[in-house]
Amino acid sequence: METKKKKMKMMTLDQMKDVHIGEIGTNDRDKYEFDLRLDILGEMIKSVRKERHLTQEQLGELIGVQKAQISKLERNAKNVTIETILKVFRALKANIKFSVVMNDSEFKVA
């Protein structure tokens, strides 16, 4: 009995995202990318905190919040203000850079 070999189609990560989440510019893809960035932000806070040999409680004391709030921030940075993010990174003696990218679409003032 002869076995047929199936060829697997190779795809880049971006191609897989296009197929399974949606192409760049669609609402689903934009939400996915935004959520991913916020998850990364929480992980960055945790990583820098650990590099500074601080507990969540110690970091909380530095910025005036409870340990639970630091824990929540590291797990889910979705409902946090920019002011809080800046406070955290200042307390960690770390710089954070934000960038604004202008879309090429037409802009009109009503």
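User: Hi! Where does K93 lie?

Analyst: Hi! K93 lies in the segment after α5. Helices (H or I, at least four residues) and strands (E, at least two) are DSSP runs here, numbered from the N terminus. Please keep in mind that this is a predicted model, where local features need pLDDT of at least 70 and side-chain atom pairs count only at pLDDT 80 or more, while totals for chains, interfaces and linings use all residues. Residues are numbered from 1 along each chain as its sequence is written, and side-chain values use heavy atoms, with hydrogens and water left out.

User: Thanks. How confident is the predictor, and where is confidence lowest and highest?

Analyst: The protein chain has a mean pLDDT of 85, and 94% of its residues reach 70 or more; pLDDT is the predictor's confidence in each residue, from 0 to 100. Helix α1 (residues 13-20) has the lowest confidence, at a mean of 84, and α3 has the highest, at 96.

User: Back to K93. What is its phi, and is K93 buried or exposed?

Analyst: Phi of K93 is positive, about 55°, although K93 is not a glycine. K93 is exposed, with a relative accessible area of 70%. The cut-offs are under 20% relative accessible area for buried, over 50% for exposed and in between for partly exposed (1.4 Å probe, protein chains only).

User: Which other residue has a positive phi, near 60°?

Analyst: That is H53, a residue other than glycine with phi near 60°. H53 is in the loop between α2 and α3 and counts as exposed, at 72% relative accessibility.

User: Let's go inside. How many residues does the largest nonpolar core have?

Analyst: The largest nonpolar core has 13 residues, and L41, I45, L59, L73, V88, F89 and L92 have the most contacts inside it. At least two residues of this core come from each of α2, α3 (56-63), α4 and α5. By nonpolar core I mean a set of buried Ala, Val, Leu, Ile, Met, Phe, Trp, Tyr and Cys residues joined through side-chain atoms within 4.5 Å.

User: What is L73 in contact with?

Analyst: Leaving aside neighbours within four places in sequence, L73 contacts G42, I45, V80 and V88. Contact means heavy atoms within 4.5 Å.

User: And A77, where is that?

Analyst: A77 is in the loop between α4 (67-75) and α5 (82-91). A77 is buried, with a relative accessible area of 2%. Not counting residues up to four places away in sequence, A77 touches L38, L41 and G42. A77 and E43 are 34 residues apart in sequence, with 9.2 Å between their C-alpha atoms.

User: What about R49, buried or exposed?

Analyst: R49 is buried, at a relative accessible area of 6%. Its place is in helix α2 (residues 27-51). R49 touches L54, T55, Q56, L59, E74 and L92, again not counting residues up to four places away in sequence.

User: Change of topic: how many salt bridges are there?

Analyst: Five salt bridges turn up in a search of the whole structure. A salt bridge here is a side-chain nitrogen of Lys or Arg within 4 Å of a carboxyl oxygen of Asp or Glu. One of them joins E33 and K17 (3.4 Å, N to O). E33 lies in helix α2 and K17 in helix α1, so this pair ties together parts that are 16 residues apart in sequence. E33 counts as buried at 18% relative accessibility, and K17 counts as buried at 10%.

User: Which residue does D18 pair with?

Analyst: D18 forms a salt bridge with R29, with the closest N and O atoms 2.6 Å apart. D18 lies in helix α1 and R29 in helix α2, so the pair ties together parts that are eleven residues apart in sequence. D18 is partly exposed, with a relative accessible area of 30%, whereas R29 is buried at 2%.

User: How far apart are the closest N and O atoms of E33 and R29?

Analyst: Those atoms are 3.0 Å apart, in a salt bridge. E33 and R29 both lie in helix α2, four residues apart, about one turn of the helix. Salt bridges that share partners join D14, K17, D18, R29 and E33 into one network.

User: Last one: which residues form the nonpolar patch on the surface?

Analyst: M11, L13, M16 and V19 form that patch, with about 370 Å² of accessible area together. Patches are made of residues with over 30% relative accessible area and no salt bridge, joining like charges within 9 Å and nonpolar side chains (Val, Leu, Ile, Met, Phe, Trp, Tyr) within 5 Å. Accessible areas come from the Shrake-Rupley method with a 1.4 Å probe, and for residues only the protein chains shown count as cover. L13 lies in helix α1 and counts as exposed, at 58% relative accessibility.
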